[in-house]
Amino acid sequence: MKRIIQSAVLALVCIVAFSANAMADNDKPINVSQLPTTAQQMLKKHFSAKKVAQAKMETGLFEKSYDVVFNNGEKVEFDRRGNWTEINCKMSAVPTALVPAKIKQYVKSTYPGTKILQIEKDDSQYEVKLSNRLEVTFNKNFQVTDIDD
């Protein structure tokens with residue numbers, strides 16, 4: 001009897017895991033006008049000169065996010081509310097108005113002449129990639145926690 005229950009529980013876990021996996025990574029192409037208002041305003045203000053190649057909504061089991069890719073390969077990712085989570089400008093610089101002041105100040109004083117090519121943020125940190133190929137990680141208090149090359 002114990003083996004039957006264990007087998008049933010294992011089967012149930014496998015079914016749930018498979019279902020969750022099937023529901024995750026559901027990408028759907030959308031129009032820029034379907035992005036949250038906050039995302040639309042940010043794109044209009046800071047990326048109006050760039051042509052959008054693709055916008056998509058990604059839905060997972062518990063999350064929703066948006067990606068916008070421009071014709072030149074640059075990309076902006078947004079959370080479900082339309083707040084940016086990652087800006088990847090490849091070879092040009094991330095618009096300075098989008099970089100927190102303390103990060104701009106640190107980069108300017110520590111690595112003069114470098115550009116911030118990418119910035120990513122989550123609940124606990126910011127990570128920036130610089131034109132000198134360094135990656136600098138900051139905590140939420142904008143203190144450097146890691147530098148990678």
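## Close-up views of a predicted model

**View 1. Strands β3 (64-70), β4 (75-78) and β5 (84-88) are among the elements that cover the buried residues of α2.** Helix α2 spans residues 37-46, and its buried residues are A39, M42 and L43. These residues sit on the same side of α2, because they cover an arc of only 95° around the axis; the arc is taken from the directions from the helix axis to the C-beta atoms. An α-helix has 3.6 residues a turn, so residues three or four places apart point the same way. Look at the face turned away from the buried side of α2 and you will find the exposed residues T37, Q41, K44 and K45. Here, buried means under 20% relative accessible area, exposed means over 50%, and partly exposed lies in between (1.4 Å probe, protein chains only). Helices (H or I, at least four residues) and strands (E, at least two) are DSSP runs, numbered from the N terminus.

**View 2. The whole chain, for orientation, has three helices and nine strands.** This is a predicted model, in which local features need pLDDT of at least 70 and side-chain atom pairs count only at pLDDT 80 or more, while totals for chains, interfaces and linings use all residues. Residues are numbered from 1 along each chain as its sequence is written, and side-chain values use heavy atoms, with hydrogens and water left out. Starting at the N terminus, the elements follow the order α-β-α-β-β-β-β-α-β-β-β-β. Of the 149 residues, 29% count as buried. Among the contacts in the chain with a separation of 6 or more, 37% join residues 24 or more positions apart; a contact means heavy atoms within 4.5 Å.

**View 3. The stretch of residues 19-23 calls for some care, as the confidence scores show.** The average pLDDT of the chain is 89, and 83% of the residues score at least 70; pLDDT is the predictor's confidence in each residue, from 0 to 100. Over residues 19-23 the pLDDT is below 50, and the stretch has four contacts in the model beyond near neighbours in sequence. Where pLDDT is low, the predicted coordinates should not be read in detail.

**View 4. The largest pocket holds about 330 Å³ of space.** Its lining is made of 19 residues, and those nearest the centre are E63, D79, T85, K121 and D122. Strands β3, β4, β5 and β6 (116-121) each give at least two residues to this lining. By residue type, the lining of the largest pocket has 13 charged, three polar and three nonpolar residues. Asp, Glu, Lys and Arg count as charged, Ala, Val, Leu, Ile, Met, Phe, Trp, Tyr, Cys and Pro as nonpolar, and the others, Gly among them, as polar. A pocket is an open set of points on a 1 Å grid over the protein atoms alone, where a 1.4 Å probe fits, with protein on both sides within 12 Å along at least five of seven lines; lining residues have an atom within 4 Å of a point. Grid points are joined across faces, edges and corners, and the volume is the space filled by probe spheres set on the points.

**View 5. P36 lies in the loop between β1 (26-30) and α2.** Is P36 buried or exposed? P36 counts as buried because its relative accessibility is 15%. Apart from neighbours within four places in sequence, P36 is in contact with Y66, R80, R81 and G82. P36 and D79 are 43 residues apart along the chain, and their C-alpha atoms are separated by 9.3 Å.

**View 6. The loop between β8 (135-139) and β9 (144-148) includes K140 and F142.** K140 is partly exposed, with a relative accessible area of 35%. Which residues does K140 contact, leaving aside its neighbours within four places in sequence? They are D122, D123, S124, Q125 and Y126.

View 7. R133 belongs to the loop between β7 (125-130) and β8. With 73% relative accessibility, R133 counts as exposed. Its phi is positive, about 75°, although R133 is not a glycine. D148 counts as partly exposed at 35% relative accessibility. The C-alpha atoms of D148 and R133, 15 residues apart along the chain, are separated by 8.6 Å.
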